[in-house]
Amino acid sequence: MLCSAVPTSEDALTSRLLHSTIQALEVFSIYLGKELGLYAALSSGAQVTPPELARAAGIAPRYAREWLEQQAVAGLLRVTATDAPADERRYWLPAEHLNVLVTEDHPAHLAPLAQMVAGIGGVLDRVVEAYRSGGGVPYPLFGTAFRRGQAGINRSAFLADLVERWIPAAADLPERLSTPGSRIADVGCGGGWSTIATARAYPGSEVIGFDADEASIADARANAAASGVAATFERADATRVADRGQFDLILLLETLHDMSRPVEVLHALRRALAPGGSLLVADEKVAEHFHAPADDIERLMYGWSIVHCLPVSLAETPSAAIGTVIRADTIRELARDAGFARVDVLPVDGGFFRLYRFRLT
């Protein structure tokens, strides 16, 4: 089935489905490795036996053995003496895999994707129900794994790119934010890494992270405390940001497409901007128009949309039901409907994101 020289359409699809299943199971194995601290226990590069890993990570020896064998056959770990007795084989994490699987601040750290996929798996029955009813699935039901995975996958970009490249791409913003007493609101802050980064980059500013999800606010406060950064976090609906006064910069990072009432939110944020202030929106860098078949970015974003982003946005009614694949024309239309006078795409490589600057005049 995998070796046909000239595969038929059916052969190609069966092969693709088989490989997708293998890869999905390997993603779950990465989730186990991250959640149980198995990669962390291997991060020194030392070679360990299954009983040694079991003791180091606090798991049962039989599970340690099976996981190590699976990781080795998948090529994620290396192993010596494959013909040795099972509990005497030694496994190690190669240096070239360390950043992807362990180093949380590194741009290559994609292990949090496994947490997100695991979170979706835990609530998939609710997604099925939503498809039948036309309703949605509230964000908190996706659980700790998804929440922490989402924060983790954006962590390196928010800690570095946001303050080093994205904000400076709007040439006048750094000077304004460096003025003592300037104010920054981070709306939909999630785990707080973007709030932490801006508070660290602009210590003379008041920086407040807002999120409607109580667990995310708890995570953000814990992350800020661990980072030694003085930032304020408040649980609040995005439409209430203006209650805290006016801001020189409002951040809306990878959250607009999830909102049930995006125009209402944008209208409220427009009121929360100080004269001359800006709203910086980062959202998915998808194609300008629908086409099929499409590239990996489009496939990835539609994948998130059908199982998470669209169900989350439909958890409240009425809903704009945008989904993950939010195209540039949709962004401009939302901004116009909310009363913004100008929207510019910033000339910066945002990776998976396209950066928009909304202005009042």
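Here are a few numbered notes on the packing and strand pairing in this predicted model.

1. Start with the largest nonpolar core, which has 34 residues. The members that touch the most other members are L162, W166, I167, F233, L249, L280 and L355. Nonpolar side chains in soluble globular proteins tend to be buried together.

2. Which elements build that core? At least two residues each come from α8 (143-166), α9 (173-177), α10 (193-201), α11 (214-227), β6 (247-253), β7 (273-284) and β9 (353-359). Helix α8 gives the most, with seven residues.

3. Leaving out residues up to four places away in sequence, W166 touches A157, F158, D161, A282, L346, V348, D349, G350, F353 and L355.

4. Now for β9. Six of its seven residues are buried, so the rest of the structure largely encloses this strand. Strand β9 pairs with β7 in the antiparallel sense, over seven bridges; as one example, L279 has F358 in β9 as its bridge partner. Strand β8 (residues 342-345) also runs antiparallel to β9, and four bridges join the two. Here V345 is partnered by Y356 of β9.

5. Is S194 buried or exposed? Its relative accessible area is 1%, and since anything under 20% counts as buried, S194 is buried. This serine lies in helix α10. Setting aside residues up to four places away in sequence, S194 touches F158, L162, D186, C189 and L253. L162 is one of the residues listed in point 1 as touching the most other members of the largest core.

6. Helix α14 (residues 328-337) has A328, I331, L334 and A335 buried. Why do these four count as being on the same side of α14? They cover an arc of only 125 degrees around the axis, and that places them on the same side of the helix. What do the buried residues of α14 pack against? Their partners are α12 (262-272), β7, β8 and β9.

7. One backbone detail to finish: G339 follows α14, and its phi is positive, near 95 degrees.

Definitions and conventions. Residues are numbered from 1 along each chain as its sequence is written. This is a predicted model: local features need pLDDT of at least 70, side-chain atom pairs count only at pLDDT 80 or more; totals for chains, interfaces and linings use all residues. Side-chain values use heavy atoms; hydrogens and water are left out. A nonpolar core is a set of buried Ala, Val, Leu, Ile, Met, Phe, Trp, Tyr and Cys residues joined through side-chain atoms within 4.5 Å. Buried means under 20% relative accessible area, exposed over 50%, partly exposed in between (1.4 Å probe, protein chains only). Contact means heavy atoms within 4.5 Å. Two strands pair if DSSP finds at least two bridges between them. The arc is that of the directions from the helix axis to the C-beta atoms.
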